[in-house]
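Here is a short briefing for a first look at a structure. Keep the sequence and the 3D view open while reading.

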Amino acid sequence: MSLLDRLSALFKGREEFDLTSGDIARPLFYLSLPIIVTNLLQTAYNLIDTFWLGQYSTNALAAISFAFPMVFLLISVGLGLSTAGSVLVAQHVGADEESEAEYAASQTVALSLLGAMVLGLVGYASVDELLGLLGASENVQLLATDYMQVISLGMPFMFGFFVFIALMRGYGDTVTPMLVMFGSVLLNVVLDPFLIFGWGPFPRLGIEGAAIATVFARALAIVVGLAIMFRGTRGVRIRLRQMRPDLEFAKKLVRIGFPASIEGMGRALSINLLLVIVGFFPTYVVAAYGIGTRVFSVIFLPAIAVARGVETMTGQNVGAGKPDRAKAAADFAARTMFVVLGALGVVAWIGARPITAAFTDDSAVIEVGVTFLRYVAPSFGFIGVMRAYNGSFRGTGKTLTAAAIVLVIYGLIRLPAAYGLSQTALEYRGIWLAFAVSNAVGATLAYGWYRRGTWRNVDVTEGPAGPPVGDDIEPSTDD
């Protein structure tokens with residue numbers, strides 16, 4: 001067997017495995033691996049974009065540092081709607097309700113694009129004032145505004161691309177989105193230097209060029225994605241006649257999607273608010289924090305991908321009336337991620353110094369970075385457990401439960417603990433300790449809540465008269 005054949009064997013389409021019967025490990029692996037690759041491609045794009053802007057000017061690099069959190073905050077709204085669409089498609093597919101799955105997908109695309117246009121216009125008009133509130137200097141604020149206004153106008157393409165990925169994932173196809181993402185990232189990487197520096201016939205656009213490259217690449221990707229879904233030969237199919245906005249469906253989409261948006265924004269805000277606490281300490285501590293969080297973002301990719309896989313498996317099995325299999329998938333994912341991330345934690349603890357030194361040669365930053373990794377690394381496995389069970393909650397439609405766990409862990413435990421402990425003799429080490437403690441508590445809370453079994457009887461595919469999503473008062477039927 002050639003190397004190409006071996007690589008091809010790692011990626012299987014939905015037609016090659018069944019999510020609602022048979023083995024659990026294999027389909028979960030085939031679902032999750034393309035998601036890991038897709039996320040790695042997105043990470044690679046962010047790094048390359050940052051590299052080219054760093055070559056262009058320091059102000060441009062600073063501007064993108066202010067712009068990225070705002071982009072993520074805007075995209076979080078779209079991620080919530082795409083999660084809702086993915087869950088609805090998964091449950092209808094699991095119930096063998098193909099026409100209902102198509103209707104859910106068609107409505108999700110139409111409503112998301114409309115919402116993105118509104119959000120984009122609001123963002124375009126208000127981005128300058130928002131950047132001013134973040135404390136950007138005048139020159140940096142001007143550049144960041146130029147970048148964000150282009151991104152805001154291109155928001156329908158940004159939203160649309162994430163919706164395409166989510167709907168295909170809900171159907172059980174994660175390979176096709178991976179391939180489309182690869183083409184999009186490749187195009188973006190090629191366009192960046194031409195538009196930023198004005199190579200060849202292109203004008204020198206600077207940071208606006210980076211934004212235009214991003215929007216153009218995403219626009220082409222969503223055109224390809226829509227073509228795939230309209231044809232229906234791979235993944236879920238959408239139909240133009242079903243895309244007329246349905247107010248009742250819109251309410252359901254928001255009811256499921258809004259908590260998922262809050263979950264994403266909660267994660268993003270916690271990182272930024274922790275940065276405020278870290279900012280009380282010298283610059284080398286802030287730099288070490290930045291290195292540590294970037295290392296975590298790579299290490300946690302498997303947990304994020306597996307959580308999305310569990311979300312789809314849960315959705316389809318709940319739709320098929322097989323909650324026990326959904327539970328088995330979540331339990332298997334939690335155990336596996338605890339072991340895998342636990343092992344990565346051991347590697348990070350042992351290799352803390354060379355890992356940190358790969359980013360800087362500043363001895364003070366390295367020393368603090370080593371303590372950060374060694375405090376948090378032993379708790380990596382708990383992140384996998386929390387992500388797995390939260391993915392299963394989302395798959396049942398209980399996005400409010402998943403959001404509540406995240407907000408409790410970050411808002412009521414990590415942030416207060418980080419501030420309180422940082423004021424003791426532990427100093428910045430107290431912040432690192434807060435990470436570890438909150439990770440362990442998060443896993444315990446997610447596991448305990450899941451064992452209550454209140455997710456079993458939720459059916460988000462019912463009409464408006466069905467049970468309200470996020471209602472958590474059903475009697476437990478678990479074990």
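The model is predicted. Its salt bridges come to twelve. Its largest nonpolar core has 62 residues.

**Helices α2 and α7**

- Two packed helices are described by the angle between their axes and the distance between the axes.
- Helix α2 covers residues 25-56, and helix α7 covers residues 175-197.
- Their axes lie 9 Å apart, at an angle of about 5°.
- Angles under 35 degrees count as roughly parallel, so α2 and α7 are roughly parallel to each other.
- On the α2 side, the residues that meet α7 include P34, L41, Y45, W52 and Y56.
- On the α7 side, the residues that meet α2 include V175, M178, F182, V189 and F197.
- The residues of this contact divide into 17 nonpolar, four polar and two charged.

- Side chains of opposite charge can pair when their charged atoms come close.
- E311 forms a salt bridge with R394, and their closest N and O atoms are 2.9 Å apart.
- E311 lies in helix α11 (residues 301-319) and R394 in helix α15 (residues 380-396), so this pair ties together parts that are 83 residues apart in sequence.
- Both E311 and R394 are buried.
- E311 and R394 also belong to a network of salt bridges, linked with R169, E263, R267 and R308.
- D324 and R456 meet through their side chains in a salt bridge, at 3.0 Å from N to O.
- D324 is in helix α12 (residues 323-350), while R456 is in the segment after α17 (429-451), 132 residues apart.
- Is D324 buried or exposed? D324 is exposed, because its relative accessible area is 54% and the cut-off for exposed is over 50%.
- R456 has a relative accessible area of 13%, under the 20% cut-off, so R456 is buried.
- D331 forms a salt bridge with R451, with the closest N and O atoms 3.9 Å apart.
- D331 lies in helix α12 and R451 in helix α17, so the pair ties together parts that are 120 residues apart in sequence.
- D331 is buried, with a relative accessible area of 10%.
- R451 is partly exposed, with a relative accessible area of 27%.

**Nonpolar cores**

- In soluble globular proteins, nonpolar side chains tend to be buried together.
- Which residues have the most contacts inside the largest nonpolar core? They are L274, F296, F380, I431, W432 and F435.
- Leaving out residues up to four places away in sequence, L274 touches Y289, R414, L415, A418, I431 and F435.
- Another core, of 61 residues, lies apart from the largest one.
- Among the residues of that other core are V140, V150, F164 and V185.
- V185 of α7 is also one of the residues in the contact with α2.

**Loop residue A95**

- Where is A95 found? A95 is in the loop between α3 (58-94) and α4 (98-133).
- A95 has a relative accessibility of 28% and therefore counts as partly exposed.
- Setting aside neighbours within four places in sequence, A95 is in contact with G319 and A320.
- A95 and A250 are 155 residues apart in sequence, and their C-alpha atoms are 21 Å apart in space.

Methods: Residues are numbered from 1 along each chain as its sequence is written. This is a predicted model: local features need pLDDT of at least 70, side-chain atom pairs count only at pLDDT 80 or more; totals for chains, interfaces and linings use all residues. Side-chain values use heavy atoms; hydrogens and water are left out. Helices (H or I, at least four residues) and strands (E, at least two) are DSSP runs, numbered from the N terminus. Buried means under 20% relative accessible area, exposed over 50%, partly exposed in between (1.4 Å probe, protein chains only). Contact means heavy atoms within 4.5 Å. Axes are lines fitted to C-alpha atoms, for helices over the stretch in contact, and angles run from 0 to 180 degrees between N-to-C directions. Angles under 35 degrees count as roughly parallel, over 145 as roughly antiparallel, 65 to 115 as roughly perpendicular and the rest as oblique. Ala, Val, Leu, Ile, Met, Phe, Trp, Tyr, Cys and Pro count as nonpolar, Asp, Glu, Lys and Arg as charged, and the others, Gly among them, as polar. A salt bridge is a side-chain nitrogen of Lys or Arg within 4 Å of a carboxyl oxygen of Asp or Glu. A nonpolar core is a set of buried Ala, Val, Leu, Ile, Met, Phe, Trp, Tyr and Cys residues joined through side-chain atoms within 4.5 Å.
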